[in-house]
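Trainee: Please help me read the model shown here, one step at a time.

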Amino acid sequence: MATGSGSVIWFRKGLRVHDNPALEYASKGSEFLYPVFVIDPHYMESDPYAFSPGSSRSGVNRIRFLLESLKDLDSNLKKLGSRLLVLKGEPGEVMVRCLQEWKVKRLCFEYDTDPYYQALDFKVKDYASSSGVEIFSPVSHTLFNPSYIIEKNGGKPPLSYQSFLKIAGEPSCAKSELVMSYTSLPPIGNVGNLGVSEVPTLEELGYIDDEQAESTPFRGGESEALKRLNKSISDKAWVANFEKPKGDPSAFLKPATTVLSPYLKFGCLSSRYFYQCLQTIYKDAKKHTSPPVSLLGQLLWREFFYTTAFGTPNFDKMKGNRICKQIPWNEDQVMLAAWRDGKTGYPWIDAIMVQLLKWGWMHHLARHCVACFLTRGDLFVHWEQGRDVFERLLIDSDWAINNGNWMWLSCSSFFYQYNRIYSPISFGKKYDPDGKYIRHFLPVLKDMPKQYIYEPWTAPLSVQTKAKCIVGKDYPKPMVLHDSASKECKRKMGETYAMNKKMNGYVGDEDLRDLRRKLQNDDESKIRNQRPKLN
């Protein structure tokens with residue numbers, strides 16, 4: 001049985017000192033405090049076979065961001081007379097060993113709705129309760145507890161943003177006093193022989209940190225998060241007038257959004273504190289935008305997806321997911337690789353994908369364009385395959401939001417106007433007619449005259465030669481022709497929607513196979529009819 005008067009605070013997300021209820025409770029009345037982070041090899045160890053530098057699960061940009069966040073957390077704990085105890089191994093097993101060795105009276109960690117953590121926490125809680133260790137696991141990664149909202153909605157998650165807002169109402173943190181700082185924390189007790197270390201460097205995890213390569217300009221950590229938040233909210237008029245669809249997806253040196261998403265993802269920034277800051281500004285503003293387009297609206301989108309994801313079995317799959325339309329997507333590895341590597345032949349799409357590879361981040365409208373292009377817009381490739389690429393490369397990759405957005409953008413769920421397609425040519429041109437964004441991320445096109453920068457294949461050969469970029473040699477030809485490809489996609493979506501409607505959403509494997517065959521036969525007969533007839 002637990003005998004000590006110590007507590008463990010187990011950091012996973014929630015990598016901050018401000019507004020951290022698990023830390024606050026762990027430090028109250030404890031003689032010793034053990035702040036722990038476990039390096040999970042499954043997520044962190046270098047994988048030489050992955051398509052981009054990183055582990056088998058995550059690109060190197062996100063691993064670097066996490067290490068910077070841990071370094072900053074360690075530094076903030078040291079200022080309070082504590083430090084971060086870094087251990088390595090399967091997190092569940094490591095935590096059980098810590099509880100056995102330190103004989104603490106309580107284990108505190110932030111509640112997490114991700115399926116991976118749900119399974120992990122079940123295992124750890126099971127051991128703790130059988131050993132008499134008190135568990136404290138507050139909901140503080142989100143404004144609302146998804147379970148309460150699902151309960152209020154009769155046991156089902158609300159499936160539209162508006163119904164979510166109606167059910168959710170005002171979060172309990174709207175009026176509560178948040179603990180933002182401490183004068184000191186209890187000291188660390190004897191750590192025994194558990195192999196505690198400092199926060200490792202990228203090199204120590206087996207990565208080559210290429211200083212020369214262009215990598216993400218966004219640094220991880222609570223200090224950086226608060227600095228970025230303060231900079232965003234210091235312009236009160238900008239906050240009051242923020243309207244989501246109106247950002248510029250081509251602005252990269254000074255992004256047209258707050259770029260707070262990676263800090264919210266890792267919990268370097270408290271969403272509850274962000275909420276309170278926004279409410280203070282709105283209270284003083286003569287007028288301000290409202291959800292869904294306001295900054296508060298963006299924060300509530302996050303809540304909506306967290307709740308829907310938590311209450312929907314198989315949320316990350318098409319099959320067995322009751323809210324997802326069953327669509328006979330192609331699973332084309334060649335097309336997927338061309339899209340992933342920025343080699344589609346459409347400079348706007350390719351530049352976005354290169355920014356993702358290099359920075360681990362791009363503007364939300366840019367994400368919309370490339371997701372639409374891969375799925376229902378041009379290539380008709382399965383959204384799960386695109387989701388996997390985003391999940392690996394984004395520094396703000398968040399299980400609930402990433403899956404929700406891919407279903408939305410592929411018109412598989414939440415949004416059904418499949419005839420509305422982002423043009424891979426005119427959409428970017430509207431914001432950046434000179435193609436500055438393309439020239440930065442695709443230097444091979446830097447000398448292409450602006451009238452051809454979005455469609456280099458239309459440039460006369462003399463122009464291509466002068467620009468030192470021959471299409472088909474130095475830069476790929478378009479892999480599909482957008483006008484005919486998007487027309488085909490719309491036809492396929494139309495037939496698929498009709499089948500889903502006819503079968504009331506109960507579409508089986510057999511039905512999907514039949515429809516796929518029919519669509520392929522239609523494609524082949526179309527090609528036959530288009531061939532010139534020989535005399």
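Mentor: We begin with the classes: Ala, Val, Leu, Ile, Met, Phe, Trp, Tyr, Cys and Pro count as nonpolar, Asp, Glu, Lys and Arg as charged, and the others, Gly among them, as polar. This is a predicted model, in which local features need pLDDT of at least 70 and side-chain atom pairs pLDDT 80 or more, while totals for chains, interfaces and linings use all residues. Residues are numbered from 1 along each chain as its sequence is written, and side-chain values use heavy atoms, leaving out hydrogens and water.

Trainee: How many nonpolar residues are in the lining of the second largest pocket?

Mentor: A pocket is an open set of points on a 1 Å grid over the protein atoms alone, with protein on both sides within 12 Å along at least five of seven lines, and its lining residues have an atom within 4 Å of a point. The second largest pocket has 27 lining residues, and K13, Y43, Y116, Y117 and K265 are the closest to its centre. Its lining includes 10 charged and 3 polar residues, and the nonpolar residues number 14.

Trainee: Which domains does the second largest pocket lie between?

Mentor: Domain bounds come from an automatic or database domain assignment. The second largest pocket takes lining residues from both of two domains, so it lies between domain 1 (1-140) and domain 3 (333-530).

Trainee: Which residues lie nearest the centre of the largest pocket?

Mentor: The lining of the largest pocket has 27 nonpolar, 9 polar and 8 charged residues, and domain 2 (142-178 + 223-311) and domain 3 (333-530) each give at least three residues to that lining. Of the 44 residues that line the largest pocket, those nearest its centre are K244, Q298, H364, H368 and N405.

Trainee: How many polar residues are in the lining of the largest cavity?

Mentor: The residues that line the largest cavity include W10, R12, K13, G14, N20 and D112. Its lining divides into 6 nonpolar residues, 4 charged residues and a polar group of 2.

Methods: On a 1 Å grid over the protein atoms alone, a cavity is a set of points where a 1.4 Å probe fits but cannot get out, and a pocket is an open set with protein on both sides within 12 Å along at least five of seven lines; lining residues have an atom within 4 Å of a point.
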